Amino acid sequence: MSFRGATVSMITRCPGCATAFRVTEPQLGARAGQVRCGRCGVLFDALAALSSEPAGRAVPQDVEPPSASTGTAPTLDIEKNPSFDFGPQSRPRPSRLWWLASVFLLLALAAQGAYRYRGEIAVLLPEAKPLAQRICAELGCDVPLPRRAELLSIESSDLQADDAHPSVMVLTATLRNRAGFIQAFPALELSLTSAQGQTVARRVLIPRDYAPQGTRSESGFAAGSELQIRVYIEAAALRPTGYRLYLFYL
């Protein structure tokens with residue numbers, strides 16, 4: 001197709017994004033009408049979508065000249081033809097499916113956090129505890145007291161032989177809950193060591209092993225309080241020379 005001597009400006013429209021462009025004969029002839037849209041990148045046949053503009057109207061060159069060295073289709077400039085009304089340009093909006101997936105992920109994350117810290121939530125928000133207990137009853141779980149071992153400490157401890165019973169050793173210690181909220185009683189690990197520092201015996205003490213009589217483990221370790229413990233252990237025959245005492249949660 002030849003346009004020499006024509007009095008009209010040729011216009012083509014991208015089938016991908018419906019953007020109109022002014023084109024020239026060299027641009028159409030460079031790759032047999034094959035051009036690439038500068039807005040959406042679609043490669044299309046400009047000859048198949050040609051229309052005309054009335055003669056006498058100034059027609060700017062809106063298409064970059066093709067490169068003969070590369071042999072690729074010329075890219076049309078993204079400036080729109082002012083004679084066409086395309087409406088306001090806007091960025092692509094996320095799809096409804098994307099929003100639904102985002103909301104679902106946020107809810108799943110919130111539910112996971114609420115389950116992981118359900119004990120802390122029940123303590124810090126007492127009005128939420130009945131709801132948490134009902135939900136846990138349905139899910140087959142419970143609402144435990146918080147277990148923040150880093151907020152517990154052993155203030156002092158001692159291990160001595162019992163004068164009245166030579167085969168028995170007495171462990172005394174002072175535990176402290178430094179948290180501003182009630183916590184579960186921890187477990188204690190007592191390791192007896194030899195003169196060479198090797199462990200000769202180890203025992204794990206759970207709350208019922210060391211808590212004073214009348215203390216209910218489910219009532220918890222009160223915030224900012226201390227607990228004096230005294231435990232009798234039959235281990236004098238091992239002749240330990242030292243010990244280590246740790247607290248932790250099972």
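**Reading loops, a patch and a pocket**

Biologist: I see that Ala18 lies in the loop between β1 (9-13) and β2 (20-23). What is the phi of Ala18 near?

Modeller: A friendly reminder that this is a predicted model. Phi of Ala18 is near 65 degrees, a positive value in a residue other than glycine.

Biologist: Where is Arg239, and what is its phi?

Modeller: Arg239 is in the loop between β11 (226-233) and β12 (242-248). Its phi is positive, about 50 degrees, although Arg239 is not a glycine. Arg239 counts as exposed because its relative accessibility is 70%.

Biologist: Now the surface. Which residues make the nonpolar patch?

Modeller: Patch residues need over 30% relative accessible area. Here Tyr117, Ile121, Leu124 and Leu125 make a nonpolar surface patch of about 380 Å². Leu125 is in the loop between α3 (118-124) and α4 (129-139). With a relative accessible area of 42%, Leu125 is partly exposed.

Biologist: And how much space lies in the largest pocket?

Modeller: The largest pocket holds about 270 Å³ of space. It is lined by 13 residues, and the closest to its centre are Ala114, Tyr115, Arg118, Ala132 and Ile135.

Biologist: Which helix gives the largest share of that lining?

Modeller: That is α4, with six residues. At least two lining residues come from each of α2 (96-116), α3 and α4. By class, the lining has 11 nonpolar, no polar and two charged residues.

Terms used:
Residues numbered from 1 in each chain as written. Predicted model: local features only at pLDDT ≥ 70, side-chain atom pairs only at ≥ 80, totals over all residues. Heavy atoms only, no water. Patch = residues over 30% accessible without salt bridge, like charges linked within 9 Å, V, L, I, M, F, W, Y side chains within 5 Å. Areas by Shrake-Rupley, 256 points an atom, 1.4 Å probe, with all protein chains shown as cover. Salt bridge = Lys/Arg side-chain N within 4 Å of Asp/Glu carboxyl O. Helix = DSSP H or I, 4+ residues; strand = E, 2+ residues; numbered from the N terminus. Buried < 20%, exposed > 50% of the residue type's maximum accessible area, 1.4 Å probe, protein only. 1 Å grid on protein atoms, 1.4 Å probe; cavity = no way out; pocket = protein on both sides within 12 Å on 5 of 7 lines; lining within 4 Å. Points joined across faces, edges and corners; volume = space filled by probe spheres on them. Nonpolar A, V, L, I, M, F, W, Y, C, P; charged D, E, K, R; others polar.
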